[in-house]
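Reader: I would like a close look at one part of this model. Please keep it brisk.

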Amino acid sequence: MTSTAAAPPASATPGDGPAPHADALVLGRRIRDARSRAGLTLDDLAQAIDRAPSQASAIENGHREPSLSMLRIIAAALGTTVDDLLRDEPPSDRAALEIAVERAQRGPVFSALGIAPIRVSKGTADETLRTVLALHDEVARLHRERAATPEEARRANAVLRADMRAADNHFPDLEAVAKGLLDAVGYTGGPVSHQTVAEMAQHLGFSLHYVGDLPHSTRSVTDRRNGRIYLPTEPSMSRDSRSPILQAFASHLCGHEEPGNYADFLRQRVETNYLTAAILLPERDAVRVLGEAKQLRRISMEDLRDAFAVSYETAAHRFTNLATRHLGLPVHFMKVHESGTIIKAYENDGVTFPSDVLGAVEGSLVCRNWTARTVFDVEDRFSPWYQYTDMDTGTFWCTSRIEKAKEGEYSVSVGVPFAHVKWFRGRETPHRSTSNCPDERCCRRASPALAERWEGNAWPAARTPTSLLAALPTGSFPGVDSVEVYEFLESHAPRVD
């Protein structure tokens, strides 16, 4: 996406703009230092530049950035040059210390703690300033450490899921971006071909490069400087070959910058996946397919999948984007590992997902009686699995399928409350179960006889996920070796003779 700079007002004259490349704090300290060397008071400077002393003080304290024309007047009054005032380095070690403290006090740490800033004056001892700066740096370090824990990741995920629920998991701004790109390459309907995706990349100024040495921790690498998207020569058997390309330039379309924390990373991932699905299953066409299916009372994830040549998971995800806003259907979605652990989840239909004390659903265990778990015991993996589950909050119908990945098998499930099942294919299923979770007697407590026989005599070796205890990096992309990525880009960057 591009933006056009606004034209200056008619009253503006050349040189009235802000000073080029000026750091307001450094500039202010250099003006103060030059004033002191010239033997002038603040009132003297204010009178010389025809401004109130409070305005001159605001400039020296870095609260106000002077225009280039004003900077020329200040330089003349102080007997120096604009170039000297615009130098990047502070005028002294003391000034550098004051600037560091001012920056710290204007930063997010002081704001988050609600601490009033101290007034830095000539009488403030250097040691006091160093102490304030050291305390700030330690609090910032602890914040980064806290933000890198699995607990903070789960908390961030819970907040994001609540935002998605409030919006019915439908984001019109991303839908508009997808439509604009589809229109730009002349899409007229049907499955979005690989060629169309390549044309989208070209339209956005990217060239595609398939390489055999892609960093092992990445699915693609984008060189924003040179407009290149690097992709593996060997496509993944479990992934749509279009998705890595779309995800690469989806981040560009969303205006993503390097995430500052795990919450940013999660939100960017959701936006990227949403935009990718919105391109592969365009809103207008997908709503038409689903609307016709609803009229026939045979909505099916399989039919949606086949209509747009996408994976079952992508179709299920996309259904949750459109079901409530366009079809009036509340819905829930789950992706569950074969161990019973929830990997992804979304709901706005009143179903009660298991969660931890932070309210996070991901990482929790699903009841053994839910469709997302019972599907693993079904011998027929070709046909969809349908089931009704009676819960304390009502009866829910679900359709589920098994998909394979390198981490094992997953179930992907979509469900609705009983009152809305009449619109779906598979509503006649005889399969039914009852779930009383979180009551442990439902499925998490062995029978008294079995427990008596084996309690104290079983010692399993847990297959702990490698990421369970790993810190989640802040300000980077979790799980990605940035050094490896930089070295890769350096080796593949076009050479300039």
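What is the relative accessible area of Ser121, and is Ser121 buried or exposed, or in between?

Author: First, the ground rules. This is a predicted model, in which local features need pLDDT of at least 70, side-chain atom pairs count only at pLDDT 80 or more, and totals for chains, interfaces and linings use all residues. Residues are numbered from 1 along each chain as its sequence is written, and side-chain values use heavy atoms, with hydrogens and water left out.

Now the residue. Ser121 has a relative accessible area of 25%, so Ser121 is partly exposed. Buried means under 20% relative accessible area, exposed means over 50%, and partly exposed is in between (1.4 Å probe, protein chains only).

Where is Ser121? The loop between α7 (108-113) and α8 (126-147) holds Ser121. Helices here are DSSP runs (H or I, at least four residues), numbered from the N terminus.

Next, its partners. Contact means heavy atoms within 4.5 Å. Glu98 and Ser121 are 23 residues apart in sequence. Their C-alpha atoms are 8.9 Å apart in space.

Both residues also belong to a pocket. Arg32, Asn61, Glu98, Val120 and Ser121 lie nearest the centre of the second largest pocket, among its 24 lining residues. A pocket is defined on a 1 Å grid over the protein atoms alone, as an open set of points where a 1.4 Å probe fits, with protein on both sides within 12 Å along at least five of seven lines. Lining residues have an atom within 4 Å of a point. The volume of this second largest pocket is about 660 Å³. Such a volume is the space filled by probe spheres set on the points, which are joined across faces, edges and corners.

What is the lining made of?

Finally, α1. This helix has 14 residues and reaches 20 Å from first C-alpha to last, close to the 20 Å expected at 1.5 Å a residue. The expected span is 1.5 Å times one less than the number of residues. Buried residues of α1 include Leu27, Arg29, Arg30 and Ile31. The cover over the buried residues of α1 includes α3 and α6.

Terms used
Helix = DSSP H or I, 4+ residues; strand = E, 2+ residues; numbered from the N terminus.
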